[in-house]
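Thank you all for coming.

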Amino acid sequence: LLSGRETLGSSNMEKDVSFKFRQQLFHIHENLVTEDLAALKFLCTDLVPLSKLEGVKSALDIFRLLMAQEYLNAEDIFLLAELLHIMKYHSLLKKLGYTKEKVQECLREKGRVSPYRKMLYELSENITSEVLKKIVFLLDNHLKKRWIIPSALDLLILLEQRGLLTKDNVKILEDVFVTVSPDLLEIIDRYKKAKGEKFRVFPRNRFPKMQEGVDESRQLNLRSMCVLLKQELEWHKCSVTPTLLGASHSWTAILRHVKEIKLNKFIEMLSCFFFFSFLQVITSYKMDGPHRGFCLIINNVNFSSSQRRGSCKDAEQLERVFTWLGLDVKTYTDLMSGDIINLMETWQHMQDHEDRNCFICCILSHGKSGAIYGTDDKPVSIRTLTSHFTAKQCPQLAAKPKLFFIQACQGDNIQRPVYVDPDGPTPALSSLQERVPLAESIPEEADFLLGMATVDDCVSFRHIEEGTWYIQALCNELQSLVPRGEDIYGILTQVNEDVARRASPSGTKKQMPQPVYTLRRKFIFPIPMDPPPS
């Protein structure tokens, strides 16, 4: 994109509009990672011939194709802003002179990515690896034998190529989502509603409202039962009466409609529903108390020899997400090693834990093997931090889940790329570190989970504007998977996959998170009534 002549151009050339435009494109390219290229190719499928997209190796190649098709030029860069907006790279919009709100205002008049393409991309972002495996299994007869489907985007492209998925026919997706992930049907419903088509699953606001004085988990079970029953009625081509879709559902109202389907089929469905609901209740931690719990966020930004730029983005996102999940969030900034220990002692003796279901602590700092650093560059053992909350030291949290999420390097520093900082100490500090097995960082007793941004002896990465790879993936997956009832193990597995897929701009630096736990049951956040914060 930038030729040798342009690179060696004079200062006068820097004033040229075309050169500045190409600088903008190059800057965007430098901030994108490997999976972003696949997303760009997919979103541009309707704009650039597929034969040309197949040869694309970088974002710069896509920018060239868009310029050749006259979709992108120095005078009109909106398409790139639209693509970044869809991909949720809002912080990069300001590099193009746009904001999230400005893009949204211009979409109706200037938007080029079709609603169909955006709908498919949104679905792909919400299809986890486990759901993808289930979809591939269900569609086995439609796919070529032994084909490897590495991502949700690849699956959608394949379905389009085989003529099974078009902008006017998304039935194949509806059929599989009814079985494997009914919540994804809402994305399709919005698309079909915008087109004026009839859609199959009623909106979330048509679910039964919460009833005063009735246990929340029972009410959620009632909602789920209404969804299952409505789908069953539709499959049997029964008429769904207004009463069933009303807001005053009760088990009595549901049973009145059993006559519309075969009794044995309904009994089978009802038995399965209660069986799995019962299994979930007896194998999960209690999370239906009046107060969910406290969430501490320690955000160390300013060190004597460095600044962890981008960490405030992480802290803000964690605060929004855990507040949405019903926790009381307390944020502390720039704590020295002694302050961190004192803070743990203070919360260890907090009597209010007794009325809470859990305890969560997030630490954003530099680190080394088995430890994190205070802003005074002195290490604090992670084991020391977690041991304050054992059943003996903090009886108010006995038998309750204690979750610690640590965003910090756990090994030697590496050479810093332009846009990615290693989240570790200076070489002088890291050279002194000794390796500590991760399992030794949590107490030997039950009910602890430690989520580390990286495996032992390795660095973790932080984008100076977007935040760290690990914390941003954690927040994104909590927002995506908690509404589906996923437990913390499944969520952290997806976080592992998200982070492992990323790479530094040079493509040579990777990261792998690592959770370790002594939890005895599943940890499942109750589904919030409000939509996710972002």
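Let me begin with a question: in which sense do strand β5 and β6 pair, and over how many bridges? Before I answer, please keep in mind that what you see is a predicted model. The answer is that strand β5, residues 371-373, pairs with β6 in the antiparallel sense, over three bridges. Within that pairing, Y373 has P379 of β6 as its bridge partner.

These strands belong to an open sheet of three, in the order β4-β5-β6, with antiparallel pairing. The edges are taken by β4, residues 367-368, and β6, residues 379-381, and because each has a single partner strand, one side of each is left without a neighbour in the sheet.

Now to the other sheet, which is also open and is formed by six strands in the order β2-β1-β3-β7-β9-β12, with mixed pairing. Here β2, at 328-333, and β12, at 514-517, stand at the edges, and since each of them has a single partner strand, one side of each is left without a neighbour in the sheet. If direction is ignored, neighbouring strands of this sheet are turned against each other by 10° on average.

Within this sheet, strand β3, residues 356-364, runs parallel to strand β7, residues 402-407, and six bridges join the two.

Helix α24, residues 488-500, lies across β7, β9 (448-452) and β12, and runs at about 160° to β12.

Finally, I turn to the backbone. As a reminder, most residues other than glycine have a negative phi. A399, however, has a positive phi, near 70°, and is not a glycine; A399 is found in the loop between α21 (382-386) and β7. D447 is likewise not a glycine, and its phi is positive at about 80°; D447 sits in the loop between α22 (427-430) and β9.

Are these two residues buried or exposed? A399 has a relative accessible area of 46%, so A399 is partly exposed, whereas D447, at 5% relative accessibility, counts as buried, the cut-off for buried being under 20%.

Methods:
Residues are numbered from 1 along each chain as its sequence is written. This is a predicted model: local features need pLDDT of at least 70, side-chain atom pairs count only at pLDDT 80 or more; totals for chains, interfaces and linings use all residues. Side-chain values use heavy atoms; hydrogens and water are left out. Two strands pair if DSSP finds at least two bridges between them. Helices (H or I, at least four residues) and strands (E, at least two) are DSSP runs, numbered from the N terminus. Axes are lines fitted to C-alpha atoms, for helices over the stretch in contact, and angles run from 0 to 180 degrees between N-to-C directions. Contact means heavy atoms within 4.5 Å. Buried means under 20% relative accessible area, exposed over 50%, partly exposed in between (1.4 Å probe, protein chains only).
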